[in-house]
Amino acid sequence: MGSLTLRTQTPEQTRALGAALAGILRERDVVLLTGELGAGKTTLVQGIVAGLGSADHVQSPTFTLIREYTGRLVVAHVDVYRLARIQDVVDLGLEEIGEGNALLLIEWGDAVQDILPPERLRVTITTFDPAGSDDARQIELATEGPSWEARWGLICTLANAGSPA
Ligand code: ADP
Ligand code: MG
């Protein structure tokens with residue numbers, strides 16, 4: 001497992017990182033996005049979806065739980081923050097989206113990791129100032145599983161999309 005830590009200074013830089021990440025994502029990939037409310041998880045997803053060539057407007061799925069976007073890949077965007085039970089996540093029927101081939105982008109993924117495939121990219125976003133006056137974010141990309149190991153070199157090229165932490 002490799003891990004890489006980047007820093008962005010603005011929401012635009014976080015979207016640019018997401019767009020760069022989109023270039024190395026494939027069908028059925030699982031990306032777990034962890035971080036406090038307001039850290040920038042949905043902002044990163046906006047960049048990923050745009051980078052996949054979709055013009056869809058990405059909003060937080062907090063109240064709808066799941067949203068679907070279509071670009072180069074079909075994307076299932078899930079926010080499990082408000083789900084009380086693991087069963088609720090299973091009931092979403094993630095495997096039916098995109099005929100089972102969707103790229104899964106899951107906010108607050110730690111809560112569901114036990115029912116997801118063991119291969120995933122874990123993205124952890126950290127805010128330096130919880131009061132919100134500092135736009136800097138630390139973004140850690142950690143790979144888990146062989147399919148990600150093979151893409152480690154590509155992940156490292158993403159460092160160009162953000163400044164080293
Ligand atoms: P989350 O999905 O983690 O709750 P959002 O992406 O919805 O967070 O919100 C992040 C908020 O922080 C947005 O209002 C965004 O504009 C702002 N922001 C400020 N700086 C950054 C940054 N460097 N990266 C991402 N978002 C940032
Ligand atoms: Mg969000």
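Author: A definition before we start. A salt bridge here is a side-chain nitrogen of Lys or Arg within 4 Å of a carboxyl oxygen of Asp or Glu. Also, this is a predicted model.

Reader: Fine. So what about R122, which residue does R122 form a salt bridge with?

Author: E144. The closest N and O atoms are 3.1 Å apart.

Reader: R122 first: buried or exposed?

Author: Buried, because its relative accessibility is 15% and the cut-off for buried is under 20%. E144 also counts as buried, at 16%.

Reader: Which residues make up the network around that pair?

Author: R120, R122 and E144 are linked in a network of salt bridges.

Reader: How many salt bridges does the structure hold?

Author: Four. One of them joins D29 and R151, at 2.8 Å from N to O.

Reader: Where are D29 and R151 in the chain?

Author: In distant parts, 122 residues apart. D29 is in the loop between α1 and β2 (30–34). R151 is in the loop between α4 (146–149) and α5 (152–157).

Reader: And are they buried or exposed?

Author: Both D29 and R151 are buried.

Reader: Next, R15. What does R15 form a salt bridge with?

Author: With E12, and the closest N and O atoms are 3.7 Å apart. Both residues lie in helix α1, residues 11–22. They are three residues apart, about one turn of the helix.

Reader: How do you class R15 for accessibility?

Author: R15 is partly exposed, at 31% relative accessibility. E12 is exposed, with a relative accessible area of 51%.

Reader: Switching topic. What does the secondary structure come to?

Author: Five helices and eight strands. Along the sequence, the pattern is β-α-β-α-β-β-α-β-β-β-α-α-β.

Reader: What share of the residues counts as buried?

Author: 45% of the 165 residues in the chain.

Reader: And contacts? What percentage comes from residues 24 or more positions apart?

Author: 66%, taken over the contacts in the chain with a separation of 6 or more.

Methods:
Residues are numbered from 1 along each chain as its sequence is written. Chains are lettered from A and ligands numbered from 1 in the order in which they are written. This is a predicted model: local features need pLDDT of at least 70, side-chain atom pairs count only at pLDDT 80 or more; totals for chains, interfaces and linings use all residues. Side-chain values use heavy atoms; hydrogens and water are left out. Helices (H or I, at least four residues) and strands (E, at least two) are DSSP runs, numbered from the N terminus. Buried means under 20% relative accessible area, exposed over 50%, partly exposed in between (1.4 Å probe, protein chains only). Contact means heavy atoms within 4.5 Å.
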